[in-house]
Structures are given as C-alpha cells and as structure tokens.
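Me: I have a model open and want to talk through how it packs. Can you take my questions one at a time?

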Amino acid sequence: NDAGAAVLDALDGIAAARNTPVAAVALAWHLARPVITAPIIGANSRAQLADLLPASDLRLTVAEVALLDDASGGT
C-alpha cells in the first residue's frame with residue numbers, strides 16, 4: 001500500500017545516505033523510540049544478523065526519525 005511504500009522509500013533513502021543496510025535503519029528507528037527498550041530482532045541467518053548489527057552503533061538524527069515517523073503516519 002502507499003503508506004508502506006512511503007516507509008520503505010524513507011528507509012531506503014536513509015540507508016543509502018548512511019551506507020548501511022535498510023534493516024539496520026529500521027532497527028535503529030525502533031531503538032530511537034523511548035517506549036521500546038528491547039526490540040526482538042529474530043534473525044534467521046548470519047546474513048540477516050549481519051544486516052541488523054550496525055543498528056547498535058547507528059544513531060538517527062531527529063530529522064531522520066521525523067521523516068520515518070511522518071512516512072509511517074506516526075508521531
């Protein structure tokens with residue numbers, strides 16, 4: 001749907017600008033939310049885990065978080 005596509009576009013743009021996997025940006029976005037203290041990643045392979053691990057050091061800017069929140073229709 002259009003909302004999902006907007007989120008994917010925003011994730012893709014940030015990931016490209018940061019030269020990091022989209023999965024890491026998505027996880028970093030969740031980690032940026034104060035109500036989420038321990039997201040469960042559920043990687044099924046080493047490759048998936050490798051895509052997620054950069055999130056531990058990735059700090060999204062306020063503008064990046066706002067872009068993702070706006071794209072998702074959240075706040």
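Me: Which residues of helix 2 are buried?
Reply: Ala 24, Val 25, Leu 27, Ala 28 and Trp 29. Bear in mind that this is a predicted model.

Me: What covers the buried residues of helix 2?
Reply: The cover includes helix 1, helix 3 (46-52) and helix 4.

Me: Take helix 1 and helix 2. At what angle do their axes cross?
Reply: Roughly 110°, and the axes come within 9 Å. Angles of 65 to 115 degrees count as roughly perpendicular, and helix 1 and helix 2 are therefore roughly perpendicular to each other.

Me: Which residues make that contact?
Reply: From helix 1, Val 7, Leu 11, Asp 12, Ile 14 and Ala 15. From helix 2, Val 22, Val 25, Ala 26 and Trp 29.

Me: And by class, how many are nonpolar, polar and charged?
Reply: The contact of helix 1 with helix 2 has 8 nonpolar residues, no polar ones and 1 charged.

Me: Next pair. How do helix 1 and helix 4 pack?
Reply: At an angle of about 160°, with their axes 7 Å apart. Over 145 degrees counts as roughly antiparallel, so that is the label for helix 1 and helix 4.

Me: Is the crossing left-handed or right-handed?
Reply: Left-handed, as helix 1 passes helix 4.

Me: Which residues make the contact?
Reply: Helix 1 brings Ala 3, Ala 6, Val 7, Ala 10, Leu 11, Ile 14 and Arg 18. Helix 4 brings Glu 64, Leu 67, Leu 68, Ala 71 and Ser 72. By class, the contact of helix 1 with helix 4 has 9 nonpolar, 1 polar and 2 charged residues.

Me: What does Glu 64 contact, leaving aside neighbours within four places in sequence?
Reply: Ile 14, Arg 18 and Arg 59.

Me: Then Ile 14. Where does it lie?
Reply: In helix 1. Ile 14 is buried, with a relative accessible area of 4%.

Me: What does Ile 14 touch, not counting residues up to four places away in sequence?
Reply: Val 25, Leu 60, Glu 64, Leu 67 and Leu 68.

Me: How far apart are Ile 14 and Ala 26 in space?
Reply: 9.7 Å, C-alpha to C-alpha. In sequence, Ile 14 and Ala 26 are 12 residues apart.

Me: Where is the place of Asn 19?
Reply: In the loop between helix 1 and helix 2.

Me: Buried or exposed, for Asn 19?
Reply: Exposed, with a relative accessible area of 72%.

How values were computed
Residues numbered from 1 in each chain as written. Predicted model: local features only at pLDDT ≥ 70, side-chain atom pairs only at ≥ 80, totals over all residues. Heavy atoms only, no water. Axes fitted to C-alpha atoms, helices over the stretch in contact; angles between N-to-C directions. Helix = DSSP H or I, 4+ residues; strand = E, 2+ residues; numbered from the N terminus. Parallel < 35°, antiparallel > 145°, perpendicular 65-115°, else oblique. Left-handed = near helix turned anticlockwise from the far one by under 90°. Contact = heavy atoms within 4.5 Å. Nonpolar A, V, L, I, M, F, W, Y, C, P; charged D, E, K, R; others polar. Buried < 20%, exposed > 50% of the residue type's maximum accessible area, 1.4 Å probe, protein only.
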